[in-house]
Amino acid sequence: MDSKNKETSSPVIVHNPYLCGLKDDILYHFSLGTGTHNLPALFGDVRFVCVGGSAWRMKEFIEYIAAELGMQDPKSDYPNICAGTDRYAMYKVGPVLSVSHGIGIPSISIMLHELIKLLHHARCTNVTIIRIGTSGGIGLEPGTVVITKQSVDATFVPKFEQLILGELVVRDTDLDCSLAQELLQCSKELGQFNTVMGNTMCTLDFYEVGQGRLDGAFCLYTEKDRHKYLTKAKEAGVCNIEMESTVFAAMCKLSGLRAAVVCTTLLDRLKGDQLSSSHDVLHSYQQRPQILVGHYIKKQLKALQG
């Protein structure tokens, strides 16, 4: 590493003075810890972290990126680093870490707390983190990939609210604009599928809360109400709906992590709620964020090596 890179080195930040007093910081949901594992040796070279809801999908991603980077091992099954727990799954190849986060804000929040601490304890620097996943589009053809410009809540405001010790705390949801532009450029270079940049609405539920579905166990609003709300969301610049991006953006910003959200759309929510496409078609849609982010990582590593 030359002196210029040393000057621009960006560590992963934790805002907790009590961590220094811990003899052993146990990352319970990862089945890892500072007293049981040499985290710098295991993870110190990590430069790119990709997170997604499904454990299966994140294993598929690590297999894909290993092949793209020429690091695949025919004899390796890419073991789950978090095999001691069934909460999350984690895979690693070279400088790329792939981690599942489950569904919704509570699940990804727990994972991010431990992931951020892991990266901090491992003394990682200049880390880029990207959430790859699926979403419901608004006014977009199924299969369109959305790179998030701003993550907004169900009132279309770019903020994340949570209660801490009974008090309402509001954090902004800024993502890295330059990273989003770089990803958009990568999509243009690939030329394989339609990609747009727009706002992503993060909701608290898959059915009623924020998403206005008509196919849940409960629905106390009309189809007209639903259409009015989704149309209003589209007019506010919302391109897709998912359930993790606000807390992801807020926590990554606090930690000094360069972050982006890249999701494929599985359907147009203005036209319906249920997924009618075949398994093969849906799987091909789910692979698109992997292809895009894989191209980005490969391009960045080539630049670093050059």
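This is a predicted model: local features need pLDDT of at least 70, side-chain atom pairs count only at pLDDT 80 or more; totals for chains, interfaces and linings use all residues.
I'll start with helix α4. It runs over residues 105-121, which is 17 residues. From the first C-alpha to the last, α4 reaches 24 Å, close to the 24 Å expected at 1.5 Å a residue. Is α4 mostly covered or mostly uncovered? Mostly covered: 13 of its 17 residues are buried. After the helix comes arginine 123, and the phi of that residue is positive, near 60°.

Next, the partner. Two packed helices are described by the angle between their axes and the distance between the axes. Here the pair is α4 and helix α7, residues 245-254. Their packing angle is about 20°, and the axes lie 9 Å apart. Angles under 35 degrees count as roughly parallel, so that is the term for α4 and α7. The crossing of the two is right-handed.

Which residues make the contact? On the α4 side they are Ile105, Ile108, Ser109, Leu112, His113 and Ile116. On the α7 side they are Thr246, Val247, Phe248 and Met251. Sorted by class, this contact of α4 with α7 holds seven nonpolar residues, three polar ones and no charged ones.

Last, aspartate 176. Where does aspartate 176 sit? In the loop between β9, residues 167-172, and α5, residues 177-190. Its relative accessibility is 25%, so aspartate 176 counts as partly exposed. Setting aside neighbours within four places in sequence, aspartate 176 is in contact with Arg258 and Ala259. Proline 17 is 159 residues away from aspartate 176 in sequence, and the two are 27 Å apart in space, C-alpha to C-alpha.

Definitions and conventions: Residues are numbered from 1 along each chain as its sequence is written. Side-chain values use heavy atoms; hydrogens and water are left out. Helices (H or I, at least four residues) and strands (E, at least two) are DSSP runs, numbered from the N terminus. The expected span of a helix is 1.5 Å times one less than its number of residues. Buried means under 20% relative accessible area, exposed over 50%, partly exposed in between (1.4 Å probe, protein chains only). Axes are lines fitted to C-alpha atoms, for helices over the stretch in contact, and angles run from 0 to 180 degrees between N-to-C directions. Angles under 35 degrees count as roughly parallel, over 145 as roughly antiparallel, 65 to 115 as roughly perpendicular and the rest as oblique. A crossing is left-handed if the near helix is turned anticlockwise from the far one by less than a right angle, and right-handed if clockwise. Contact means heavy atoms within 4.5 Å. Ala, Val, Leu, Ile, Met, Phe, Trp, Tyr, Cys and Pro count as nonpolar, Asp, Glu, Lys and Arg as charged, and the others, Gly among them, as polar.
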